[in-house]
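Here are my notes for your first look at this one. Keep the viewer open as you read.

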Amino acid sequence: MFVLERSRVAIVIPAYNESNTIGKVIQSVSDYGVVIVVDDGSTDNTFNESKKCNAVVVRHSNNLGYDEALNSGFREAKRLNFSFVITFDADGQHVSSVLDKYIDSLLYKKVDLVLGRRKKPARLSERVFMLYTDYKFGWHDPLCGMKGYNMEIYRKMGGFDSISSIGTELAIYGLSNGYSHIEVEIPILDRVDKPRFYSTFKSNMLILRAMFRVIKKY
């Protein structure tokens, strides 16, 4: 990828206590864009590991949650004048080579939204959310963390998330307003340690609550 093209793309990585994986993740994606890590109040070495890998790091003094981490990442991408943002997980489950498809679609095919699609969702509540977005928007996997955006959508909406939607509101706004989109099937690797997303019961409740907020607004 040419340097000029790379300079137009930000890879935004929300991270909370991911020091075991964040360095490798940054290194794996750094050829595709400028890496922005949002250290969401980590108590481990996430911040230092990210700085060591020359990422742009936004640091929260307290843990504010996934949506606020993404809000901060998008604000930084806007401040730095990036044209495109791709969100990427810090836990090592995403495969960086898929970013070729994201870059090709966003930069060359002029697609506004590139939405990752996993083969199988992790939770029952995710399947329920999927049924809703599939029916309403033709979108099959709203909770996949790997999404690509033309920043025009962000600027038009005026933010990333306002309803604690678990990373879905900006894409739903784009789909609701006729922006072009495609879905890209992505492999998911096993985590190297325990998930950060609460117990099964609590995570299911949070996902369903986010879905109802989306239904109410869109």
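1. Some ground rules. Two strands count as paired if DSSP finds at least two bridges between them; helices (H or I, at least four residues) and strands (E, at least two) are DSSP runs, numbered from the N terminus. This is a predicted model, where local features need pLDDT of at least 70 and side-chain atom pairs count only at pLDDT 80 or more, while totals for chains, interfaces and linings use all residues. Residues are numbered from 1 along each chain as its sequence is written, and side-chain values use heavy atoms, with hydrogens and water left out.

2. Start with β2 and its partners. Strand β1 (residues 9–15) runs parallel to β2, with 6 bridges between them; Ala10 has Val34 as its bridge partner in β2. Getting from β1 to β2, the chain passes through helix α2 (residues 22–29) in a right-handed β-α-β crossover (strands pointing away from the viewer, the path from the first strand over the helix to the second runs clockwise).

3. On to β3 (residues 56–60): it is parallel to β2, joined by 5 bridges. Asp40 pairs with His60 there.

4. Is β2 buried or exposed? Strand β2 (residues 34–40) is largely enclosed by the rest of the structure, because 7 of its 7 residues are buried (under 20% relative accessible area, 1.4 Å probe, protein chains only).

5. Now find Ser165, in the loop between α7 (151–157) and α8 (169–176). Ser165 is buried, at 0% relative accessible area. Its side chain makes a polar contact with that of Asp161 at 2.5 Å (N or O atoms within 3.5 Å; within protein, one must be able to donate a hydrogen and the other to accept it, and residues adjacent in sequence count only if both atoms are side-chain atoms).

Note on methods
Buried means under 20% relative accessible area, exposed over 50%, partly exposed in between (1.4 Å probe, protein chains only).
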